[in-house]
Amino acid sequence: MEHRNNITEFILLGLSQKKKVEVLCFFLFVLCYTAIVTGNLLIMVSITCTPLVTQPMYFFLRYLALSDLCYTSTVTPKLITDLLATKKSTSYSGCMTQLFTMHFFGGIEVFILTAMAYDRYMAICRPLHYTVVMSRQRCDLLILASCVGGFLHSFGQFVLAIFLPYCGPNEIDHYFCDVYPLLKLACMDTSKIGFLVIANSGLMGLVIFVVLVMSYGLILYTVKSYSAESRCKALSTCSSHVTVVVLFFAPLLFIYIRPATTFPEDKVFALFYTIIAPMLNPLIYTLRNTEMKNAIKKLWCLLRESKRNRLKNIPACH
């Protein structure tokens with residue numbers, strides 16, 4: 001404990017040491033974060049205010065949008081403010097809090113994606129049992145299980161990091177606090193802890209990714225016997241899920257499935273699952289989804305009608 005208290009704050013080296021690059025990234029990430037907030041809120045409100053909320057697929061999509069918003073908000077606002085800051089620092093407690101919350105919401109997102117794959121598998125491969133299996137109670141339990149799974153995952157990462165002795169240096173070569181950069185700062189042999197991190201993040205992500213690939217493989221095998229119209233509809237829905245899964249898991253596995261070490265490229269790959277994927281998810285799920293586009297149009301019409309009614313109720317000036 002005495003050694004650990006030697007470090008009261010960490011210095012984040014950020015994305016780049018070049019000021020021009022940081023200024024450019026500032027404006028870019030402000031636009032990205034605005035798109036993330038707008039897009040995910042639009043999905044959440046559109047589903048909540050329309051009958052789509054009764055369908056399991058959109059029930060899960062609403063929570064996926066919420067987890068996306070919370071997940072990126074643990075990293076992106078801090079990154080944006082740091083891009084214009086002279087000293088990019090974070091307190092010891094702030095660093096550990098960011099580590100916990102980021103892995104918590106990231107874990108929830110991983111398990112919700114798994115629940116969505118299960119929903120599509122039941123809808124396409126077991127259609128006669130779908131309404132019974134995917135009841136609202138079952139959907140609520142899957143969301144609860146996703147939160148519990150996310151908590152257990154993040155708590156494991158948090159425990160591994162918080163009990164390490166940090167006695168200097170205190171510079172983290174990243175734009176947020178994560179386990180591997182912190183392992184480099186610990187003044188002890190962290191090789192065994194590195195294997196625990198791989199087991200907690202890398203192997204967990206790999207197993208879930210393999211399960212997702214297998215489930216979509218079964219779906220592709222099943223839709224071969226469908227009519228051309230039904231096959232196109234099923235593939236259109238599943239293609240959105242597959243795109244989101246690849247965008248999220250590919251960079252995540254690159255970082256966490258290898259031995260505990262860091263590369264300069266890690267920052268670029270981390271951008272994919274912390275900013276780019278949460279920004280693209282709303283577009284992926286709406287551009288090729290007729291029901292979502294209709295729900296957004298309906299929401300827009302309701303807002304216009306509400307505004308028109310408010311204007312009618314305003315008394316005229318005499």
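Predicted model: local features only at pLDDT ≥ 70, side-chain atom pairs only at ≥ 80, totals over all residues.
Visitor: What volume does the largest pocket have?
Guide: Welcome! Residues that line the largest pocket number 22, and Met 57, Arg 120, Lys 233, Thr 237 and Glu 291 are the closest to its centre. The volume of the largest pocket is about 550 Å³.

Visitor: Which helix gives the most to the lining of the largest pocket?
Guide: Helix H2 (56–73), H4, H9 and helix H11 (290–313) each supply at least two residues of this lining. By class, the lining has 10 nonpolar, 8 polar and 4 charged residues. With 7 residues, the helix that gives the most is H9.

Visitor: How many cavities of 30 Å³ or more does the structure hold, and how much space lies in the largest cavity?
Guide: The structure holds 2 cavities of that kind. The largest cavity is lined by 14 residues, and nearest its centre lie His 103, Gly 106, His 153, Leu 252 and Tyr 256. The space in the largest cavity is about 160 Å³.

Visitor: Where does the largest share of the lining of the largest cavity come from?
Guide: Helix H4 (92–125), helix H8 (191–223) and H9 each supply at least two residues of the lining. This lining divides into 8 nonpolar and 6 polar residues, with no charged ones. The largest share, 5 residues, comes from H4.

Visitor: How many charged residues does the lining of the second largest cavity have?
Guide: About 80 Å³ of space lies in the second largest cavity, and helix H7 (179–185), H9 and H10 each supply at least two residues of its lining. Among the lining residues are Asp 173, Asp 178, Tyr 256, Asp 266 and Lys 267. Beside 5 nonpolar and 2 polar residues, the number of charged residues is 4.

Visitor: How are the rings of Phe 248 and Phe 249 arranged, stacked, tilted or edge-to-face?
Guide: A search of the whole structure finds 18 aromatic pairs. Phe 248 and Phe 249 form an aromatic pair with 5.8 Å centre to centre and 75 degrees between the planes. Planes over 60 degrees apart count as edge-to-face, so the pair of Phe 248 and Phe 249 is edge-to-face.

Visitor: Are Phe 248 and Tyr 273 buried or exposed?
Guide: Buried means under 20% relative accessible area. Phe 248 stands at 1% relative accessibility, and Tyr 273 has a relative accessible area of 2%. Therefore Phe 248 counts as buried, and Tyr 273 is also buried.

Visitor: Which helices hold Phe 248 and Tyr 273?
Guide: The rings of Phe 248 and Tyr 273 have centres 6.4 Å apart and planes at 70 degrees, so this pair is edge-to-face. The pair ties together parts that are 25 residues apart in sequence. Phe 248 lies in helix H9 (residues 228–256), and Tyr 273 lies in helix H10 (residues 266–287).

Terms used. Residues numbered from 1 in each chain as written. Heavy atoms only, no water. Phe/Tyr/Trp six-rings, centres within 6.5 Å; stacked < 30°, edge-to-face > 60°. Helix = DSSP H or I, 4+ residues; strand = E, 2+ residues; numbered from the N terminus. Buried < 20%, exposed > 50% of the residue type's maximum accessible area, 1.4 Å probe, protein only. 1 Å grid on protein atoms, 1.4 Å probe; cavity = no way out; pocket = protein on both sides within 12 Å on 5 of 7 lines; lining within 4 Å. Points joined across faces, edges and corners; volume = space filled by probe spheres on them. Nonpolar A, V, L, I, M, F, W, Y, C, P; charged D, E, K, R; others polar.
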